[in-house]
Amino acid sequence: MNRKEVMKMFNRKSRIGALATSNKNGDVNASVFGSPRMIDEDTVIMAIGNNRSLQYLQENPKASFIVIEPGNSPQEWKGVRLYLEMKGFERYGELLDSFRKKIRETAGDASANAIIAAIRFQIVDVRPLIAPLE
């Protein structure tokens, strides 16, 4: 799957996505996120609250995001794994404001007010959801 196809899948509302992170000690965390968006073939942005994912990213900027589009059976599922590296996060600014506005419209004030940062990731690698032995 080329990155243009990945971007279409990644940005669909029907997809399910989970971010996996680990801290400097190798402790792992996985969380479902709805806010991430691919803004070009090399960049993912997302909104984040004060949570374990943000804490771990500040200790270790490497992460993985899995995207799944469910089908009628597992054989019909589509998806992709993105390997990411955080290039920075913003606690103020236009990107964070735009995330809060969109989240406020779809999930309400409490959810929007819980967002404390906007993150930019560089996509390091893209792999299929299910691949032969690696």
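**Contacts along the predicted chain.** Of the contacts (heavy atoms within 4.5 Å) with a separation of 6 or more, 69% are between residues 24 or more positions apart. The model is predicted: local features need pLDDT of at least 70, side-chain atom pairs count only at pLDDT 80 or more, and totals for chains, interfaces and linings use all residues. Residues are numbered from 1 along each chain as its sequence is written, and side-chain values use heavy atoms, with hydrogens and water left out.

**Order of the elements.** The chain has four helices and seven strands, taken as DSSP runs (helices H or I, at least four residues; strands E, at least two) and numbered from the N terminus. Their order from the N terminus is α-β-β-β-β-α-β-β-α-α-β. The C-alpha trace spans about 40 × 35 × 25 Å along its principal axes.

**Burial in the chain.** Of the 134 residues, 38% are buried, that is, under 20% relative accessible area with a 1.4 Å probe, protein chains only.

**The buried side of helix H2.** In H2 (residues 52-59), Ser53, Leu54, Tyr56 and Leu57 are the buried residues. They lie on the same side of H2 because they cover an arc of only 165° around the axis, the arc being that of the directions from the helix axis to the C-beta atoms. An α-helix has 3.6 residues a turn, so residues three or four places apart point the same way.

**Strands packed against H2.** The buried residues of H2 pack against strands E1 (16-22), E2 (28-32) and E4 (43-49), and also against E5 (62-69), E6 (78-90) and E7 (115-128).

Technical notes. Buried means under 20% relative accessible area, exposed over 50%, partly exposed in between (1.4 Å probe, protein chains only).
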